[in-house]
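Subject: A structure for you to explore

Hello,

Here is the structure I promised to pass on. Have a look at it first, and then read my notes below.

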Amino acid sequence: AEDIAERLPGRRSILFAHGVEVVPIKTATLPPADHTNCYLVGDPDGEFIIVDPAVRMREDMEALATAVERHRGELKAILFTHSHGDHLADMSLLREAFDVPVWGSDYTAKSVPCQRVLTDGETLTLGRQNWTVLITPGHHPGHVCLFSEAGLVAGDMLAGIGTILIPPHTGDMNEYLLQLERLKALKPHLVFPSHGPVVAIPDRLIDHYLSHRRARHARVLEAVRNGASQLVKIAEEAYADTPDAHPGLAVDQTLSHLRALAADGTVCEENGTWRTN
Ligand SMILES: [Zn+2]
């Protein structure tokens, strides 16, 4: 039994599927999540990439470097799914360990130097595995998912724990729902989210997200129809069924719903007063 302690793989990474290995990284993300899943994606015996190496601490960088060294294949690139702080790395720390190009969408490339700009629908050939790039805005512009037979590397489109926020200014609720429908249609075998455990029945989770968001959308509209005109009041009514929701978060999400309703022409806003059209 003694040699079990020395046997590889080590304690800091888990193989989620053939070609998808996770290294959890401690991050200041949205509670209850307390980490970001960094993935090694690609051929277990060939080329692979690191997705979202959100390292800020040397200890985590070393755990990631150990997982990469243990991999039998060749590290080809680092890919960031999107440019939120809990997915990005301390680049100088990262550069100490990995000297490979950075890949990301055109939006990500605005804030992170990327050597390759990824486009929707292109195929990443990683050894004997093919991964399709999907640009899925909604949670954040230029958000990237990766799809293959193994499943969907979902970034922040879906979560294994907690909830996904749609920020009112950079997010887009209508687009988010459209992209969720698109992901559902792909019928992924498994979902590998950025936060929380692997999702074994993606269909059910995506349906839950869609119905939950649509119900909230309807409640926000109903609150405005019933005469609530100020954001805080609309949020109070729309979230009356969820008293535990963080008030700031409820207001933020209500604003995202209102902006989506305004984009559809269902409601409008003037000097902070909302009304139906
Ligand atoms: Zn995010």
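Which strands does helix α1 lie across, and at about what angle does α1 run to β2? Helix α1 (residues 58-70) lies across β2 (20-26), β3 (35-42), β4 (48-51) and β5, and runs at about 170° to β2. Here helices (H or I, at least four residues) and strands (E, at least two) are DSSP runs, numbered from the N terminus. Axes are lines fitted to C-alpha atoms, for helices over the stretch in contact, and angles run from 0 to 180 degrees between N-to-C directions. Contact means heavy atoms within 4.5 Å.

Before you go further, please keep in mind that this is a predicted model, in which local features need pLDDT of at least 70 and side-chain atom pairs count only at pLDDT 80 or more, while totals for chains, interfaces and linings use all residues. Residues are numbered from 1 along each chain as its sequence is written, and side-chain values use heavy atoms, with hydrogens and water left out.

Now to the sheet. Seven strands make an open sheet with mixed pairing, in the order β1-β2-β3-β4-β5-β6-β7. At its edges stand β1 (14-17) and β7 (116-117), each with a single partner strand, so one side of each has no neighbour in the sheet. Two strands pair if DSSP finds at least two bridges between them. Strand β5 (residues 75-79) and strand β6 (residues 102-104) do this in the parallel sense, over two bridges, with Ile78 opposite Val102 in β6.

Ile25 is buried, with a relative accessible area of 0%; buried means under 20%, exposed over 50%, and partly exposed in between (1.4 Å probe, protein chains only). Not counting residues up to four places away in sequence, Ile25 touches Asp34, His35, Thr36, Cys38, Ala54, Val55 and Asp60.

Five of its five residues are buried, so β11 is largely enclosed by the rest of the structure. Strand β10 (residues 144-148) pairs with β11 in the antiparallel sense over three bridges, and the two form a hairpin with two residues between them. Strand β12 (residues 191-193) pairs with β11 too, in the parallel sense over three bridges.

There is also a metal site. His82 (NE2), His84 (ND1), His139 (NE2) and Asp156 (OD) coordinate the zinc ion at 2.1 to 2.2 Å. Donors are N, O and S atoms within 2.8 Å of the metal (3.2 Å for Na, K and Ca), and water is not among the atoms, so sites may look incomplete. The angles between the four donor atoms run from 89 to 169°, which makes the arrangement irregular. Four donors count as tetrahedral if all angles lie between 85 and 135 degrees; four count as square planar and six as octahedral if opposite donors are over 155 degrees apart and all others between 65 and 115; anything else is irregular. Both His82 and His84 are buried.

Finally, compare two loop residues. Asp52, in the loop between β4 and α1, has a phi near 55°, a positive value in a residue other than glycine. Asn271, in the loop between β13 and β14, has a positive phi near 50°. Asp52 is buried, with a relative accessible area of 1%, whereas Asn271 is exposed, at 77%.

Enjoy exploring!
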